[in-house]
Amino acid sequence: MNIDWTVFTPWSALGGGVLIGLAAAVFLLVNGRIAGISGVLGGLLQPRSGDVGWRLAFLIGLLVTPLLFMLAGRPQVVPIESGYGALILAGLLVGLGTRLGSGCTSGHGVCGISRLSPRSLVATALFMLAGFATTFVVRHLLGL
Amino acid sequence: MPLFTALLAGVIFGVGLVVSGMIFPAKVLGFLDLAGHWDPSLGLVMVGAIAAGSIAFAIARKRPRSALGFEIKLPTNRQIDARLVVGSLLFGVGWGIAGLCPGPALVDLGTGQLKPAVFFVALLLGMGLFEWLNRRLRA
């Protein structure tokens, strides 16, 4: 392992991270909800009355962020190298896996670890390990 | 009011993802690729988010109600079961293939590009597959 200092962005990473934690704090202490994206989104697939609005509002907030950056004169373009087949496979796995495992990087990784939930510690360790292993296979064994 | 604060939380979350660079799959994969030129940024994003989040959850522990008077709903399931393990592993494999997880995928969808839309539709199908499996496992 060697750290690539040309791409490592410690301050924006730390600052952006604090903003993510702050968003989770607002959602928890004002709305009484856990800011777990996969859970908030997945709950819309089995909608219950009175349970839809807050979910949509939170997700729309994420969705309009690039628009706000554009209005502020900083349009965001996201280069994605994966091909369509890889994106479809990855999307299916992320959708199924996060629902089966009850959370993703936000729900388990940020909120769960913040409250020292043993389930979330296990989940985060596992999806990180699986992510490391998969990236190794894809980049270094398959050479894609 | 709760809809406005939920929207606000979503926007702050989204800005955090943009600022931290986590909307870029290349940056996420740079963290997951330990054997390549490693980019530790994602680790520091977690440190910052958990530092702020820990304070919030410590406060929440002492107050059963939110500022708007809602019950603060914390997960009650404490079982480390096969679903948690298999689900987390599947998610990690998908995350390692494209470098996208649900939050950044939503922000990327908002840029109006085609590739995030394809990923997002597949993600919804995956979640739908879970709902179908879940009914079969329960039946």
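The model is predicted, so local features need pLDDT of at least 70 and side-chain atom pairs count only at pLDDT 80 or more, while totals for chains, interfaces and linings use all residues. Residues are numbered from 1 along each chain as its sequence is written, and chains are lettered from A, ligands numbered from 1, in the order in which they are written.

**Exercise 1.** Find how many helices and strands chain B has, and their pattern along the sequence.

*Solution.* Start with the definition: helices (H or I, at least four residues) and strands (E, at least two) are DSSP runs, numbered from the N terminus. Chain B has six helices and one strand. Next, read along the sequence: the pattern is α-α-β-α-α-α-α.

**Exercise 2.** Describe how helix 5 of chain A and helix 3 of chain B cross.

*Solution.* First, take the axes (lines fitted to C-alpha atoms over the stretch in contact, with angles from 0 to 180 degrees between N-to-C directions). The axes of helix 5 (residues 105-114) of chain A and helix 3 (residues 41-62) of chain B come within 7 Å and cross at roughly 45 degrees. Therefore helix 5 of chain A is oblique to helix 3 of chain B; angles under 35 degrees count as roughly parallel, over 145 as roughly antiparallel, 65 to 115 as roughly perpendicular and the rest as oblique.

Finally, look for residues in contact (C-beta atoms, placed from the backbone, within 7 Å). Among them are Gly109(A) and Val110(A) from helix 5 of chain A, and Met46(B) and Phe57(B) from helix 3 of chain B.

Definitions and conventions: Two residues are in contact if their C-beta atoms, placed from the backbone, lie within 7 Å.
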